[in-house]
Amino acid sequence: MDEHFSELYALREEAKKGRDPTAPDETLSYLLSAVRGRAPERILEIGAAEGLTSCAMLLSEPKARLTAIERDAERANKARENFRRFGVETRAVLHEGDAGEILPLLQGEYDLIFLDGPKVQYRRYLSDCKRLLKQGGVLLSDDVLLFGWVDGSVPVPHKRKMLVEHIREYLELLKSDPDFETEVLPIGEGLAVSVKKNMKPLVFLNGPMGVGKSTVAALLQRKFDRCAYLDGDWCYRVHPFRVTKESKALILNNIAFLLDGYLKSPDVDLVLFSWVMNKREIRDAVLSKMTERGKCLFVTLTASEETLTMRFAKDIAAGLRTHEGLHRALSYLPDYDADFGGLKLMTDGKEPDELAEIVKAYISTHRED
């Protein structure tokens with residue numbers, strides 16, 4: 001392995017004398033440290049040049065597989081030679097061509113992406129890089145300070161102003177993206193390190209009044225560690241209850257505030273939210289008010305008219321619900337025939353704990369998708 005690296009570094013020194021834009025030594029050092037620390041299974045390099053950086057990453061992590069993109073035919077051929085030279089050709093795939101055309105065709109997720117292609121195209125590549133990057137993965141964007149031009153510490157030559165503006169816009173997109181944690185390091189010509197956040201699951205538990213949402217949600221909360229639960233009805237406890245434009249706005253704002261708080265909390269890994277959301281527009285209104293991003297999972301509980309009436313009758317007898325509430329719940333019941341996405345459960349003949357186990361299995365299966 002040491003012999004391989006000695007040969008590789010010698011080739012890098014030769015490349016620096018020629019036209020190959022190999023990564024600076026301190027950039028490569030940081031990159032290889034990230035590879036060794038993260039042990040990525042899949043790596044994507046955009047702008048592979050002669051493949052020396054690709055080889056270094058694969059030699060640093062023997063279990064990794066790498067996809068490389070290079071548009072220059074001469075450099076691409078040299079990269080293939082270097083893959084064979086260092087014995088990594090079975091773990092490397094090279095796509096020759098324009099990254100802007102190749103990236104949309106790639107599938108699957110990558111643990112680490114090294115972006116070192118044409119700087120003016122970084123903005124164009126970002127949406128695909130984000131799509132391809134695994135949650136918790138890292139996007140490393142090279143040359144984002146570019147001789148001090150980008151941060152203004154060095155005056156920008158007139159002919160480079162457009163390029164610098166493109167890079168500034170790219171950095172602004174990275175820094176303002178709520179799905180990324182981005183830091184720009186003064187390494188080489190500037191390295192942006194963007195970690196894609198792990199989004200916490202936000203489970204919307206929907207269904208008509210009396211179907212058992214609250215009971216199932218309370219059971220679910222005990223089945224998951226670090227789980228927060230919010231019932232939408234808790235967010236507007238006013239007597240007498242009146243539905244007005246102002247009260248609707250207040251309810252949505254209260255719900256969004258609390259859900260945002262739970263998603264931001266370091267003590268919470270999963271958030272359950274139950275409410276009557278018989279129209280998609282209600283769910284969308286809640287999401288539109290929120291500032292935090294969660295991985296949304298949708299679960300709908302419904303029942304036959306006979307079952308819902310029977311359950312209401314028990315609650316009415318116990319003084320928990322009213323006949324007016326029953327009529328309103330039955331009038332909404334046909335709305336739940338619509339496709340709300342996610343999991344829909346007919347609750348007839350099922351006990352709350354049985355329903356909770358089914359929903360738990362669904363959440364556990366899809367929370368990392």
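**Strands 6 and 7.** I started at the pairing of strand 6 and strand 7, which is antiparallel and runs over six bridges. I count two strands as paired if DSSP finds at least two bridges between them. Helices (H or I, at least four residues) and strands (E, at least two) are DSSP runs, numbered from the N terminus. Leu-185 sits opposite Leu-191 of strand 7. The hairpin of these two strands has five residues between them, and there Gly-188 has a positive phi near 60°.

**Ground rules.** This is a predicted model, so I kept local features only at pLDDT of at least 70 and side-chain atom pairs only at pLDDT 80 or more, while totals for chains, interfaces and linings use all residues. Residues are numbered from 1 along each chain as its sequence is written, and side-chain values use heavy atoms, with hydrogens and water left out.

**Strand 7, continued.** I looked up the other partner of strand 7. Strand 5 joins strand 7 through five bridges, and the two run antiparallel. Ser-141 faces Ala-192 of strand 7. Next I checked burial (buried is under 20% relative accessible area, exposed over 50%, partly exposed in between, with a 1.4 Å probe and protein chains only). Five of the six residues of strand 7 (191–196) are buried, so this strand is largely enclosed by the rest of the structure.

Strand 1 and strand 2 (65–70) run parallel, joined by five bridges. Glu-45 has Ala-68 in strand 2 as its bridge partner.

**Helix 8 on helix 13.** I moved on to helix pairs. Helix 8 (213–223) and helix 13 (352–366) pack at about 55°, with axes 9 Å apart. That makes helix 8 oblique to helix 13. I class angles under 35 degrees as roughly parallel, over 145 as roughly antiparallel, 65 to 115 as roughly perpendicular and the rest as oblique. The contact (heavy atoms within 4.5 Å) includes Val-216 and Leu-219 of helix 8 and Leu-355 and Val-359 of helix 13. By class, this contact has seven nonpolar, one polar and four charged residues. Ala, Val, Leu, Ile, Met, Phe, Trp, Tyr, Cys and Pro count as nonpolar, Asp, Glu, Lys and Arg as charged, and the others, Gly among them, as polar.

**Helix 11 on helix 12.** The axes of helix 11 (305–317) and helix 12 (323–332) come within 10 Å and cross at roughly 160°. That makes helix 11 roughly antiparallel to helix 12. Contact residues include Leu-308 and Phe-312 of helix 11 and Leu-326 and Ala-329 of helix 12. The contact divides into six nonpolar, three polar and one charged.

**Leu-11.** Leu-11 is partly exposed, at 22% relative accessible area. Beyond neighbours within four places in sequence, Leu-11 contacts Leu-52, Asn-82, Arg-85 and Phe-86. Leu-11 and Asn-82 are 71 residues apart in sequence, but 9.7 Å apart C-alpha to C-alpha.

Last, I looked at the loops. His-239 and Pro-240 are joined by a cis peptide bond, with omega about 0°. Pro-240 is in the loop between strand 9 (227–231) and helix 9 (245–264). Ala-39, not a glycine, has a positive phi near 45°. Ala-39 is partly exposed, at 41%. Asp-143 also has a positive phi, about 65°. Is Asp-143 buried or exposed? Asp-143 is buried, at 14% relative accessible area.

Terms used
Axes are lines fitted to C-alpha atoms, for helices over the stretch in contact, and angles run from 0 to 180 degrees between N-to-C directions.
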